[in-house]
Amino acid sequence: MRIRFEATLTARHFVVSLDLARGETLAVLGPNGAGKSTLLSIMAGLLRPDSGTASIGERTLFDLDSARPQWLAPHARGTALLAQEPLLFPHLSVLENVAFGPRSKGTGAAKSRVAARRWLEATDTQTLAARKPGELSGGQAQRVAVARALAAGPDLLLLDEPMAALDIHAAPLMRRLLKHVLAERSAIIITHDILDALMLADKVVILENGRITESGPTRDVLGRPRSRFAAGLAGLNLVTGTAHGDGIDTAFGRIFGTRESELVPGEAAAAAFPASAVSVYLDPPHGSPRNMLEATVTDLEPHGDAIRVRAGDLAADITPAALADLGLVPGTLAYFVLKATAVTIYAA
Ligand SMILES: Nc1ncnc2c1ncn2[C@@H]1O[C@H](COP(=O)(O)OP(=O)(O)OP(=O)(O)O)[C@@H](O)[C@H]1O
């Protein structure tokens, strides 16, 4: 079933349209306040846009553009929303929580419990069936919430940062569960985590200020980002300019790299390279021909075992020892140097 969505909500500067093929998982990435939760709330029927239409297959979720506006109640949409917090009914057992979905659709009590047990097994929570939500860890509760969402048999699963509230031990388990659950299932997942997008989603959209600024297959968007937001997520530097032979002309001078596709001289192009491929020098290095970008250091921050040196939008990861040697501080004029083989150039 194809999923179509188009909505405008002026008070939140929200203007979004998107399309999902049957069984596809879409990751929504974007900075805070971009409108990601707004998108899920409108889809789930918790928030009414000013205008727009949405449908799952033949079922209209809302149509506010016609002479006879339609608005389907949340429970009738065939969507299930999984929030950051599991939001289980505290007074019901785990089994009853999961059986609630089929029950509310009119399935009998015994049949609903059978279905619930099946989903508890699928989420590896069958041993918790008799417990109350208050007796579960965060990770367990979130797995039960997945079971509950699936037991309702949704046509579209909506996930709002399902890993965000989990600790570093529970998150990988949950990610593995979702990978299994989301295969062949239509879903929209909000995430801040690049790994989630790469592992779980077929497509991504980047949402910024209520607008989609990039969209496409996950690997394309993250491997060849066109927006700074996507580039930052992917740990890539992104420098834009105009194509010229094997390179592009940028504010930093000409940057050479490997062409990803045919470039038309003079047309907009971008160069992407990982922060880990950049070396930093205080003086222009001599010798082998390399790309050299002169820039003033603006920030230094820890990044894993490395130090990320920022100069405006440029980023380089260097070792703490190199940082000590160079004596970099914000304001230092430095040379960001990298081999052409580390640079991918593509039409922007
Ligand atoms: N209940 C509300 N009433 C009015 N405006 C709101 C409300 N909730 C969010 N907004 C505004 O709508 C815009 C989009 O917010 P939304 O919560 O959808 O963003 P988000 O991308 O989910 O952000 P985050 O990553 O911080 O969760 C923001 O400008 C926000 O301030």
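Trainee: Which hand does the crossing of α2 and α3 have?

Mentor: The α2/α3 crossing is right-handed. Keep in mind that this is a predicted model.

Trainee: How do I read a helix pair in general?

Mentor: Two packed helices are described by the angle between their axes and the distance between the axes. Here, take α2 (residues 94-104) and α3 (residues 109-122). Their axes come within 8 Å and cross at roughly 120°.

Trainee: What does that make α2 and α3 to each other?

Mentor: Oblique. Angles of 65 to 115 degrees would count as roughly perpendicular, and those over 145 as roughly antiparallel. The α2/α3 angle is roughly 120°, so the pair is oblique.

Trainee: Which residues of α2 and α3 meet?

Mentor: From α2, Leu 95, Val 98, Ala 99, Pro 102 and Arg 103. From α3, Ala 109, Ser 112, Arg 113, Ala 115, Ala 116, Trp 119 and Leu 120. By class, the contact holds 9 nonpolar, 1 polar and 2 charged residues.

Trainee: Now the ligand. Which residues are around it?

Mentor: Arg 12, Gly 30 and Asn 32 are among them. The list also includes Gly 33, Ala 34, Gly 35, Lys 36, Ser 37 and Thr 38.

Trainee: How does the shell around the ligand divide?

Mentor: Into 1 nonpolar, 6 polar and 2 charged residues. Gly counts as polar in this scheme.

Trainee: And the whole protein?

Mentor: There are 9 helices and 23 strands. The C-alpha trace spans about 80 × 50 × 35 Å along its principal axes. Of the 348 residues, 42% count as buried.

Trainee: How many of the contacts between residues at least 6 apart in sequence join residues at least 24 apart?

Mentor: 64% of them.

Terms used:
Residues numbered from 1 in each chain as written. Predicted model: local features only at pLDDT ≥ 70, side-chain atom pairs only at ≥ 80, totals over all residues. Axes fitted to C-alpha atoms, helices over the stretch in contact; angles between N-to-C directions. Helix = DSSP H or I, 4+ residues; strand = E, 2+ residues; numbered from the N terminus. Parallel < 35°, antiparallel > 145°, perpendicular 65-115°, else oblique. Left-handed = near helix turned anticlockwise from the far one by under 90°. Contact = placed C-beta atoms within 7 Å. Near = placed C-beta within 6 Å. Buried ≥ 20, exposed ≤ 12 C-beta atoms within 10 Å, placed from the backbone.
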